[in-house]
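Subject: Structure handover

Hello,

Here is the structure I promised to pass on. Please open it alongside this note, and my findings follow below.

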Amino acid sequence: MSRFPENFLWGGAVAANQCEGAYNVDGKGLSIQDVTPNGIMTPRTEKPTEDNMKLVGIDFYNRYKEDIKLFAEMGFKVFRTSIAWSRIYPKGDELEPNEKGLKFYDDLFDECRKYNIEPLVTLSHYETPLYLAEKYDGWISRDLIDFYCRYVTTVFKRYKDKVKYWLTFNEINSIVHEPFLSGGINTPKEKLTKNQIYQAIHHELVASAKAVKMGHEINPEFKIGCMVLSMPVYPLTPNPDDVICAMEKEHENLFFADVHVRGKYPSYSKRYFRKNNIHIDIMDEDIEILKNTVDFISFSYYMSICESSDKTIKGSKGNIMGGAKNPTLKESEWGWQIDPQGLRYVLNQFYDRYQKPLFIVENGLGAVDELIVDENGEHTVNDDYRIDYLRNHLKQVAEAIDDGVDLIGYTTWGCIDLVSASTAELKKRYGFIYVDRNDDGSGTLNRYKKKSFNWYKKVIETNGEHLFD
Ligand code: BG6
(Lines give C-alpha, C1' and ligand atoms only; values in the text may rest on other atoms or scores of the structure.)
Protein backbone atom coordinates (compact mmCIF):
# COMPACT_ATOMS: atom_id res chain seq x y z
CA MET A 1 0.00 0.00 0.00
CA SER A 2 1.37 3.37 -0.99
CA ARG A 3 1.58 6.25 1.45
CA PHE A 4 0.28 8.55 -1.31
CA PRO A 5 -3.35 8.46 -2.51
CA GLU A 6 -4.13 6.27 -5.51
CA ASN A 7 -4.81 9.06 -8.01
CA PHE A 8 -2.20 11.42 -6.67
CA LEU A 9 -1.26 14.01 -9.30
CA TRP A 10 2.52 13.94 -9.65
CA GLY A 11 4.05 16.45 -11.99
CA GLY A 12 5.89 19.67 -12.56
CA ALA A 13 5.23 23.39 -12.97
CA VAL A 14 6.34 26.34 -15.09
CA ALA A 15 4.94 29.74 -16.04
CA ALA A 16 4.50 31.07 -19.57
CA ASN A 17 6.69 34.14 -19.15
CA GLN A 18 9.59 32.13 -17.73
CA CYS A 19 9.78 29.56 -20.49
CA GLU A 20 7.81 30.36 -23.66
CA GLY A 21 9.91 33.16 -25.14
CA ALA A 22 8.36 34.26 -28.48
CA TYR A 23 7.45 37.46 -26.70
CA ASN A 24 6.23 39.29 -29.81
CA VAL A 25 5.07 36.41 -31.98
CA ASP A 26 1.58 35.61 -33.33
CA GLY A 27 0.01 38.80 -32.08
CA LYS A 28 1.21 38.63 -28.47
CA GLY A 29 1.27 42.00 -26.70
CA LEU A 30 3.95 43.01 -24.23
CA SER A 31 3.62 41.90 -20.66
CA ILE A 32 5.29 43.47 -17.64
CA GLN A 33 7.93 40.73 -17.87
CA ASP A 34 9.13 41.95 -21.25
CA VAL A 35 10.47 45.15 -19.65
CA THR A 36 12.04 43.71 -16.51
CA PRO A 37 15.40 42.27 -17.62
CA ASN A 38 16.61 41.86 -14.04
CA GLY A 39 13.51 40.48 -12.43
CA ILE A 40 12.60 42.37 -9.30
CA MET A 41 16.17 43.58 -8.78
CA THR A 42 16.25 46.79 -10.83
CA PRO A 43 13.70 49.17 -12.32
CA ARG A 44 12.06 48.29 -15.61
CA THR A 45 13.18 49.39 -19.05
CA GLU A 46 11.18 51.48 -21.50
CA LYS A 47 11.10 48.76 -24.15
CA PRO A 48 12.17 45.09 -24.33
CA THR A 49 15.98 44.87 -24.35
CA GLU A 50 18.19 42.10 -25.64
CA ASP A 51 19.59 41.25 -22.21
CA ASN A 52 16.12 40.21 -21.05
CA MET A 53 16.34 36.42 -20.88
CA LYS A 54 12.56 36.04 -20.85
CA LEU A 55 12.22 37.24 -24.44
CA VAL A 56 13.62 33.90 -25.59
CA GLY A 57 13.03 31.96 -22.37
CA ILE A 58 13.78 28.33 -23.16
CA ASP A 59 11.89 28.62 -26.44
CA PHE A 60 9.07 26.50 -25.04
CA TYR A 61 6.71 28.16 -27.52
CA ASN A 62 8.42 26.25 -30.32
CA ARG A 63 9.70 23.22 -28.43
CA TYR A 64 6.78 22.32 -26.17
CA LYS A 65 6.15 19.02 -27.97
CA GLU A 66 9.66 17.79 -27.22
CA ASP A 67 9.35 18.95 -23.61
CA ILE A 68 5.96 17.42 -22.95
CA LYS A 69 7.24 14.16 -24.38
CA LEU A 70 9.99 14.24 -21.78
CA PHE A 71 7.48 15.02 -19.02
CA ALA A 72 5.43 12.04 -20.21
CA GLU A 73 8.54 9.88 -20.10
CA MET A 74 8.91 10.82 -16.42
CA GLY A 75 5.30 9.73 -15.96
CA PHE A 76 3.80 13.15 -15.20
CA LYS A 77 0.10 13.01 -14.37
CA VAL A 78 -0.20 16.79 -14.28
CA PHE A 79 1.60 19.74 -15.83
CA ARG A 80 1.15 23.22 -14.45
CA THR A 81 1.67 26.16 -16.76
CA SER A 82 0.10 29.57 -17.16
CA ILE A 83 -1.67 31.23 -20.03
CA ALA A 84 0.10 34.45 -21.02
CA TRP A 85 -2.78 36.92 -20.76
CA SER A 86 -1.16 39.18 -23.39
CA ARG A 87 -1.25 36.36 -25.98
CA ILE A 88 -5.04 36.28 -25.64
CA TYR A 89 -5.71 39.99 -25.09
CA PRO A 90 -2.53 41.75 -26.25
CA LYS A 91 -3.27 45.04 -24.51
CA GLY A 92 -5.69 43.62 -21.99
CA ASP A 93 -8.71 45.87 -22.57
CA GLU A 94 -9.75 44.79 -26.09
CA LEU A 95 -13.18 43.35 -26.75
CA GLU A 96 -12.02 40.51 -29.02
CA PRO A 97 -9.35 37.91 -28.29
CA ASN A 98 -6.35 37.05 -30.44
CA GLU A 99 -7.13 33.77 -32.22
CA LYS A 100 -3.50 32.80 -32.73
CA GLY A 101 -2.86 33.01 -29.01
CA LEU A 102 -5.88 30.85 -28.28
CA LYS A 103 -4.76 28.32 -30.88
CA PHE A 104 -1.34 27.97 -29.26
CA TYR A 105 -2.89 26.86 -25.95
CA ASP A 106 -5.32 24.55 -27.78
CA ASP A 107 -2.33 22.76 -29.23
CA LEU A 108 -0.42 22.78 -25.96
CA PHE A 109 -3.30 21.28 -23.95
CA ASP A 110 -3.98 18.73 -26.71
CA GLU A 111 -0.38 17.68 -26.52
CA CYS A 112 -0.70 17.16 -22.75
CA ARG A 113 -3.91 15.19 -23.18
CA LYS A 114 -2.22 12.98 -25.78
CA TYR A 115 -0.11 11.61 -22.91
CA ASN A 116 -2.93 11.70 -20.34
CA ILE A 117 -1.29 14.61 -18.61
CA GLU A 118 -3.82 16.84 -16.86
CA PRO A 119 -3.10 20.52 -17.48
CA LEU A 120 -3.22 22.73 -14.37
CA VAL A 121 -3.54 26.29 -15.55
CA THR A 122 -2.64 29.53 -13.78
CA LEU A 123 -4.67 32.37 -15.21
CA SER A 124 -2.34 35.14 -14.09
CA HIS A 125 1.26 34.37 -13.23
CA TYR A 126 3.20 37.63 -12.86
CA GLU A 127 2.47 38.56 -16.50
CA THR A 128 -0.14 41.32 -16.58
CA PRO A 129 -0.31 42.97 -20.03
CA LEU A 130 2.02 45.97 -19.91
CA TYR A 131 -0.65 48.28 -21.30
CA LEU A 132 -2.86 47.61 -18.28
CA ALA A 133 0.04 48.54 -16.00
CA GLU A 134 0.80 51.75 -17.89
CA LYS A 135 -2.71 52.96 -18.65
CA TYR A 136 -4.62 51.79 -15.56
CA ASP A 137 -1.90 51.33 -12.91
CA GLY A 138 -2.71 47.64 -12.82
CA TRP A 139 -4.96 46.24 -10.14
CA ILE A 140 -5.31 49.57 -8.36
CA SER A 141 -7.98 50.22 -10.97
CA ARG A 142 -11.35 48.53 -10.55
CA ASP A 143 -11.52 48.27 -14.37
CA LEU A 144 -9.09 45.38 -14.17
CA ILE A 145 -11.85 43.19 -12.72
CA ASP A 146 -13.79 43.43 -15.98
CA PHE A 147 -10.74 42.96 -18.21
CA TYR A 148 -9.64 39.91 -16.23
CA CYS A 149 -13.16 38.46 -16.28
CA ARG A 150 -13.42 38.89 -20.03
CA TYR A 151 -10.09 37.12 -20.52
CA VAL A 152 -10.98 34.37 -18.06
CA THR A 153 -14.41 33.77 -19.62
CA THR A 154 -12.75 33.47 -23.01
CA VAL A 155 -10.29 30.81 -21.91
CA PHE A 156 -12.78 28.96 -19.68
CA LYS A 157 -15.12 28.61 -22.65
CA ARG A 158 -12.42 27.75 -25.12
CA TYR A 159 -10.71 25.08 -23.01
CA LYS A 160 -13.69 23.81 -21.06
CA ASP A 161 -13.18 20.25 -22.31
CA LYS A 162 -9.38 20.31 -22.12
CA VAL A 163 -8.61 21.82 -18.73
CA LYS A 164 -10.20 20.94 -15.41
CA TYR A 165 -7.87 22.48 -12.81
CA TRP A 166 -7.46 26.27 -12.69
CA LEU A 167 -5.64 28.72 -10.41
CA THR A 168 -6.83 32.31 -10.38
CA PHE A 169 -3.67 34.30 -9.39
CA ASN A 170 -0.16 33.04 -8.77
CA GLU A 171 1.02 33.75 -5.21
CA ILE A 172 -1.70 36.35 -4.76
CA ASN A 173 -0.24 37.53 -1.44
CA SER A 174 3.04 38.57 -3.08
CA ILE A 175 1.41 41.84 -4.24
CA VAL A 176 2.05 43.27 -0.77
CA HIS A 177 5.79 42.98 -1.39
CA GLU A 178 6.09 43.23 -5.19
CA PRO A 179 3.21 45.36 -6.50
CA PHE A 180 4.54 45.68 -10.06
CA LEU A 181 5.44 42.02 -10.55
CA SER A 182 2.36 40.68 -8.84
CA GLY A 183 -0.27 43.36 -9.45
CA GLY A 184 0.98 45.19 -12.54
CA ILE A 185 1.01 48.39 -10.46
CA ASN A 186 3.13 50.95 -12.26
CA THR A 187 3.42 53.45 -9.43
CA PRO A 188 6.77 52.81 -7.73
CA LYS A 189 6.55 50.76 -4.55
CA GLU A 190 7.97 53.56 -2.37
CA LYS A 191 5.18 55.90 -3.45
CA LEU A 192 2.30 53.52 -2.79
CA THR A 193 0.19 53.72 0.34
CA LYS A 194 -1.04 50.60 2.12
CA ASN A 195 -4.51 51.81 1.25
CA GLN A 196 -3.73 51.59 -2.48
CA ILE A 197 -2.20 48.15 -2.11
CA TYR A 198 -5.20 46.79 -0.21
CA GLN A 199 -7.54 48.37 -2.74
CA ALA A 200 -5.70 46.46 -5.46
CA ILE A 201 -5.85 43.31 -3.35
CA HIS A 202 -9.58 43.76 -2.93
CA HIS A 203 -10.00 44.02 -6.71
CA GLU A 204 -8.03 40.82 -7.20
CA LEU A 205 -10.03 38.99 -4.54
CA VAL A 206 -13.29 40.05 -6.18
CA ALA A 207 -11.96 39.05 -9.61
CA SER A 208 -10.86 35.69 -8.25
CA ALA A 209 -14.28 35.01 -6.71
CA LYS A 210 -15.97 36.07 -9.96
CA ALA A 211 -13.75 33.65 -11.85
CA VAL A 212 -14.84 30.84 -9.53
CA LYS A 213 -18.49 31.71 -10.12
CA MET A 214 -18.17 32.00 -13.90
CA GLY A 215 -16.02 28.89 -14.15
CA HIS A 216 -18.56 26.75 -12.33
CA GLU A 217 -21.30 28.09 -14.58
CA ILE A 218 -19.32 27.26 -17.73
CA ASN A 219 -18.34 23.81 -16.55
CA PRO A 220 -19.57 22.50 -13.17
CA GLU A 221 -16.74 19.96 -13.29
CA PHE A 222 -14.07 22.66 -13.08
CA LYS A 223 -11.89 22.67 -9.97
CA ILE A 224 -10.81 26.23 -9.31
CA GLY A 225 -8.30 27.07 -6.63
CA CYS A 226 -6.48 30.01 -5.13
CA MET A 227 -2.70 30.04 -5.09
CA VAL A 228 -0.73 31.51 -2.21
CA LEU A 229 2.93 31.87 -1.37
CA SER A 230 3.26 29.89 1.84
CA MET A 231 6.02 30.67 4.25
CA PRO A 232 5.43 29.37 7.78
CA VAL A 233 6.45 31.88 10.43
CA TYR A 234 8.12 30.54 13.58
CA PRO A 235 8.73 32.73 16.62
CA LEU A 236 12.49 33.33 16.85
CA THR A 237 12.45 32.59 20.60
CA PRO A 238 9.84 31.31 23.09
CA ASN A 239 9.40 34.89 24.30
CA PRO A 240 5.61 35.55 24.05
CA ASP A 241 6.41 38.87 22.33
CA ASP A 242 7.99 36.91 19.49
CA VAL A 243 5.08 34.46 19.43
CA ILE A 244 2.57 37.28 19.03
CA CYS A 245 4.68 38.90 16.30
CA ALA A 246 4.81 35.57 14.47
CA MET A 247 1.02 35.28 14.77
CA GLU A 248 0.53 38.75 13.32
CA LYS A 249 2.91 38.01 10.46
CA GLU A 250 1.01 34.78 9.75
CA HIS A 251 -2.24 36.74 9.64
CA GLU A 252 -0.81 38.99 6.91
CA ASN A 253 -0.38 35.88 4.76
CA LEU A 254 -3.36 33.80 5.82
CA PHE A 255 -5.64 36.73 5.05
CA PHE A 256 -5.60 35.75 1.36
CA ALA A 257 -6.55 32.10 1.73
CA ASP A 258 -9.03 33.04 4.48
CA VAL A 259 -10.99 35.28 2.10
CA HIS A 260 -10.84 32.71 -0.70
CA VAL A 261 -12.04 29.86 1.49
CA ARG A 262 -14.38 31.58 3.94
CA GLY A 263 -15.84 34.05 1.47
CA LYS A 264 -15.39 37.14 3.63
CA TYR A 265 -12.73 39.26 5.25
CA PRO A 266 -11.39 37.69 8.46
CA SER A 267 -12.16 39.45 11.75
CA TYR A 268 -8.48 40.18 12.51
CA SER A 269 -8.28 42.28 9.31
CA LYS A 270 -10.42 44.99 10.95
CA ARG A 271 -7.72 45.76 13.48
CA TYR A 272 -4.99 45.61 10.83
CA PHE A 273 -6.89 48.04 8.60
CA ARG A 274 -7.54 50.40 11.50
CA LYS A 275 -3.91 50.36 12.61
CA ASN A 276 -2.65 51.01 9.10
CA ASN A 277 -5.23 53.60 8.17
CA ILE A 278 -6.68 51.44 5.41
CA HIS A 279 -10.15 52.48 4.21
CA ILE A 280 -10.86 50.71 0.95
CA ASP A 281 -13.92 50.95 -1.27
CA ILE A 282 -15.96 47.79 -1.04
CA MET A 283 -19.20 47.72 -3.03
CA ASP A 284 -22.25 45.86 -1.71
CA GLU A 285 -22.13 43.46 -4.65
CA ASP A 286 -18.52 42.58 -3.76
CA ILE A 287 -19.63 41.12 -0.46
CA GLU A 288 -21.96 38.77 -2.32
CA ILE A 289 -19.38 37.88 -4.96
CA LEU A 290 -16.74 36.98 -2.37
CA LYS A 291 -19.04 34.19 -1.18
CA ASN A 292 -18.03 32.18 -4.26
CA THR A 293 -15.33 30.21 -2.52
CA VAL A 294 -12.59 28.08 -4.06
CA ASP A 295 -12.64 24.30 -4.52
CA PHE A 296 -9.12 23.81 -3.23
CA ILE A 297 -6.11 25.71 -1.90
CA SER A 298 -2.86 25.57 -3.80
CA PHE A 299 0.42 27.00 -2.68
CA SER A 300 4.14 27.30 -3.28
CA TYR A 301 6.53 26.23 -0.57
CA TYR A 302 10.24 26.95 -0.55
CA MET A 303 11.14 28.01 2.97
CA SER A 304 10.07 29.10 6.43
CA ILE A 305 11.11 32.24 8.30
CA CYS A 306 11.34 33.38 11.90
CA GLU A 307 9.82 36.50 13.38
CA SER A 308 11.08 38.54 16.28
CA SER A 309 9.64 41.48 18.20
CA ASP A 310 13.00 43.11 17.56
CA LYS A 311 12.30 44.33 14.02
CA THR A 312 15.97 45.06 13.37
CA ILE A 313 16.66 41.30 13.22
CA LYS A 314 16.36 40.17 9.61
CA GLY A 315 18.81 38.04 7.71
CA SER A 316 16.71 35.60 5.75
CA LYS A 317 15.21 36.39 2.39
CA GLY A 318 13.49 34.27 -0.24
CA ASN A 319 12.61 35.75 -3.60
CA ILE A 320 9.65 37.80 -2.43
CA MET A 321 9.40 37.65 1.35
CA GLY A 322 11.80 37.29 4.23
CA GLY A 323 12.20 37.45 7.97
CA ALA A 324 14.64 36.60 10.73
CA LYS A 325 17.13 33.82 10.12
CA ASN A 326 16.51 30.44 11.70
CA PRO A 327 19.84 29.38 13.24
CA THR A 328 18.96 25.67 12.93
CA LEU A 329 18.57 25.59 9.15
CA LYS A 330 20.91 25.42 6.17
CA GLU A 331 20.48 27.62 3.11
CA SER A 332 20.45 27.18 -0.66
CA GLU A 333 23.06 28.91 -2.84
CA TRP A 334 20.62 31.82 -3.08
CA GLY A 335 20.26 32.06 0.71
CA TRP A 336 16.81 30.44 0.96
CA GLN A 337 16.46 28.48 4.22
CA ILE A 338 15.85 24.79 3.62
CA ASP A 339 13.15 23.38 5.88
CA PRO A 340 11.40 20.19 4.71
CA GLN A 341 9.42 19.89 7.96
CA GLY A 342 8.01 23.35 7.31
CA LEU A 343 6.11 21.76 4.44
CA ARG A 344 4.45 19.23 6.77
CA TYR A 345 3.72 22.10 9.13
CA VAL A 346 2.07 24.27 6.50
CA LEU A 347 0.04 21.38 5.07
CA ASN A 348 -1.35 20.72 8.53
CA GLN A 349 -1.93 24.39 9.20
CA PHE A 350 -3.98 24.82 6.02
CA TYR A 351 -5.89 21.61 6.46
CA ASP A 352 -6.71 22.25 10.12
CA ARG A 353 -7.90 25.72 9.19
CA TYR A 354 -9.91 24.96 6.06
CA GLN A 355 -10.67 21.22 5.68
CA LYS A 356 -10.48 21.67 1.92
CA PRO A 357 -8.27 19.72 -0.50
CA LEU A 358 -4.76 21.10 -0.88
CA PHE A 359 -2.41 21.12 -3.87
CA ILE A 360 1.35 21.81 -3.64
CA VAL A 361 1.98 23.53 -6.95
CA GLU A 362 5.57 24.73 -6.41
CA ASN A 363 8.52 23.35 -4.49
CA GLY A 364 12.09 22.90 -5.61
CA LEU A 365 15.72 23.87 -5.37
CA GLY A 366 17.36 26.56 -7.49
CA ALA A 367 21.03 25.63 -7.90
CA VAL A 368 23.99 26.05 -10.21
CA ASP A 369 24.33 22.84 -12.26
CA GLU A 370 27.38 21.53 -14.05
CA LEU A 371 26.74 19.84 -17.38
CA ILE A 372 29.09 16.86 -17.83
CA VAL A 373 29.54 14.03 -20.32
CA ASP A 374 29.10 10.64 -18.59
CA GLU A 375 30.79 7.29 -19.33
CA ASN A 376 28.23 6.57 -22.08
CA GLY A 377 29.00 9.81 -23.81
CA GLU A 378 25.69 11.36 -22.71
CA HIS A 379 25.38 14.91 -21.43
CA THR A 380 23.95 15.01 -17.91
CA VAL A 381 24.08 16.70 -14.51
CA ASN A 382 24.77 14.83 -11.28
CA ASP A 383 22.29 16.77 -9.22
CA ASP A 384 22.24 14.68 -6.06
CA TYR A 385 21.63 17.89 -4.07
CA ARG A 386 18.32 18.36 -5.92
CA ILE A 387 17.32 14.74 -5.35
CA ASP A 388 18.08 15.13 -1.62
CA TYR A 389 16.08 18.33 -1.41
CA LEU A 390 13.04 16.88 -3.14
CA ARG A 391 13.23 13.54 -1.32
CA ASN A 392 13.37 15.25 2.07
CA HIS A 393 10.41 17.46 1.24
CA LEU A 394 8.35 14.63 -0.22
CA LYS A 395 8.94 12.49 2.86
CA GLN A 396 7.39 15.29 4.88
CA VAL A 397 4.48 15.35 2.45
CA ALA A 398 3.97 11.65 3.20
CA GLU A 399 3.99 12.50 6.91
CA ALA A 400 1.33 15.15 6.36
CA ILE A 401 -0.82 12.68 4.43
CA ASP A 402 -0.42 10.33 7.38
CA ASP A 403 -1.54 13.22 9.60
CA GLY A 404 -4.78 13.15 7.63
CA VAL A 405 -4.23 15.97 5.15
CA ASP A 406 -6.23 15.67 1.91
CA LEU A 407 -3.71 16.41 -0.85
CA ILE A 408 -4.54 16.39 -4.56
CA GLY A 409 -1.02 16.51 -5.97
CA TYR A 410 2.49 17.86 -6.07
CA THR A 411 4.19 19.75 -8.90
CA THR A 412 7.89 20.59 -8.57
CA TRP A 413 8.82 24.08 -9.61
CA GLY A 414 10.69 24.49 -12.86
CA CYS A 415 10.50 20.82 -13.93
CA ILE A 416 12.57 22.00 -16.87
CA ASP A 417 15.18 24.77 -16.42
CA LEU A 418 13.70 28.22 -16.98
CA VAL A 419 14.31 31.89 -16.29
CA SER A 420 14.11 32.88 -12.62
CA ALA A 421 11.22 35.14 -11.62
CA SER A 422 13.11 37.19 -9.07
CA THR A 423 16.56 37.51 -10.64
CA ALA A 424 15.81 36.68 -14.30
CA GLU A 425 18.82 34.36 -14.36
CA LEU A 426 19.13 31.04 -16.13
CA LYS A 427 22.01 29.83 -14.02
CA LYS A 428 19.58 29.32 -11.15
CA ARG A 429 18.29 25.97 -12.33
CA TYR A 430 15.38 23.99 -10.94
CA GLY A 431 14.74 21.36 -13.61
CA PHE A 432 14.97 17.62 -14.11
CA ILE A 433 15.84 18.65 -17.65
CA TYR A 434 18.87 20.81 -18.35
CA VAL A 435 18.44 23.48 -21.00
CA ASP A 436 21.60 24.62 -22.74
CA ARG A 437 21.08 28.34 -22.48
CA ASN A 438 23.16 30.79 -20.48
CA ASP A 439 22.74 34.24 -19.06
CA ASP A 440 24.89 35.79 -21.78
CA GLY A 441 22.45 34.45 -24.38
CA SER A 442 24.75 31.65 -25.54
CA GLY A 443 23.74 27.98 -25.82
CA THR A 444 22.02 25.63 -28.24
CA LEU A 445 18.76 25.36 -26.26
CA ASN A 446 19.22 21.58 -26.40
CA ARG A 447 17.61 19.56 -23.61
CA TYR A 448 19.50 17.00 -21.48
CA LYS A 449 18.21 14.69 -18.74
CA LYS A 450 19.74 15.26 -15.34
CA LYS A 451 20.25 12.45 -12.81
CA SER A 452 17.09 13.65 -11.03
CA PHE A 453 15.08 12.86 -14.18
CA ASN A 454 15.27 9.10 -13.66
CA TRP A 455 14.94 9.49 -9.91
CA TYR A 456 11.63 11.39 -10.22
CA LYS A 457 10.44 8.94 -12.85
CA LYS A 458 10.89 6.16 -10.31
CA VAL A 459 9.18 8.15 -7.57
CA ILE A 460 6.13 8.55 -9.81
CA GLU A 461 6.23 4.94 -11.03
CA THR A 462 6.14 3.67 -7.43
CA ASN A 463 3.60 6.30 -6.32
CA GLY A 464 6.18 7.66 -3.91
CA GLU A 465 7.50 4.42 -2.43
CA HIS A 466 10.92 4.95 -4.04
CA LEU A 467 11.42 7.82 -1.58
CA PHE A 468 11.81 5.25 1.16
CA ASP A 469 14.21 2.80 -0.59
C1 BG6 B 1 7.67 31.59 -7.05
C2 BG6 B 1 7.08 31.98 -8.38
O3 BG6 B 1 7.72 32.72 -6.25
O4 BG6 B 1 8.96 31.10 -7.01
C5 BG6 B 1 7.80 31.45 -9.59
O6 BG6 B 1 5.72 31.65 -8.43
C7 BG6 B 1 9.28 31.51 -9.33
O8 BG6 B 1 7.41 32.18 -10.71
C9 BG6 B 1 9.61 30.60 -8.16
O10 BG6 B 1 10.08 31.22 -10.42
C11 BG6 B 1 11.08 30.48 -7.84
O12 BG6 B 1 11.61 31.74 -7.64
P13 BG6 B 1 12.83 32.31 -8.48
O14 BG6 B 1 12.91 33.72 -8.11
O15 BG6 B 1 14.01 31.52 -8.03
O16 BG6 B 1 12.54 32.08 -9.90
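The largest pocket has a volume of about 570 Å³. Its lining counts 20 residues, and E248, K249, E252, Y272 and K275 are the closest to the centre. Please keep in mind that this is a predicted model.

Where does the lining of the largest pocket come from? Helix 8 (194–218), helix 9 (240–262) and helix 10 (268–275) each give it at least two residues. Helix 9 supplies the largest share, with 7 residues. By type, the lining of this pocket holds 9 charged, 7 nonpolar and 4 polar residues.

Now to helix 10.

Which residues of helix 10 are buried? They are Y268, S269, Y272 and F273. Viewed down the axis of helix 10, the buried residues fall within an arc of 135°, so they line one face of the helix. The general rule behind this is that an α-helix has 3.6 residues a turn, so residues three or four places apart point the same way. On the other side of helix 10, K270, R271, R274 and K275 are exposed.

What covers the buried residues of helix 10? The cover includes helix 8, helix 9 and helix 12 (340–354). Helix 8 and helix 9 also contribute to the lining of the largest pocket. After helix 10 comes N277, which has a positive phi, near 55°.

Next, the cavities.

How many cavities of 30 Å³ or more does a search of the whole structure find? There are 10. The largest cavity holds about 150 Å³ of space. Its lining has 16 residues, and Y302, N319, E362, W413 and A421 lie nearest the centre. That lining splits into 7 nonpolar, 6 polar and 3 charged residues.

The second largest cavity has a volume of about 90 Å³. It is lined by 14 residues, with A16, N17, G21, K28 and D34 nearest its centre. Helix 1 (16–19) and helix 3 (85–88) are the elements that give two or more residues to this lining. Here the count is 6 charged, 5 polar and 3 nonpolar residues.

Best wishes

Note on methods: Residues numbered from 1 in each chain as written. Predicted model: local features only at pLDDT ≥ 70, side-chain atom pairs only at ≥ 80, totals over all residues. Heavy atoms only, no water. 1 Å grid on protein atoms, 1.4 Å probe; cavity = no way out; pocket = protein on both sides within 12 Å on 5 of 7 lines; lining within 4 Å. Points joined across faces, edges and corners; volume = space filled by probe spheres on them. Helix = DSSP H or I, 4+ residues; strand = E, 2+ residues; numbered from the N terminus. Nonpolar A, V, L, I, M, F, W, Y, C, P; charged D, E, K, R; others polar. Buried < 20%, exposed > 50% of the residue type's maximum accessible area, 1.4 Å probe, protein only. Arc of directions from axis to C-beta. Contact = heavy atoms within 4.5 Å.
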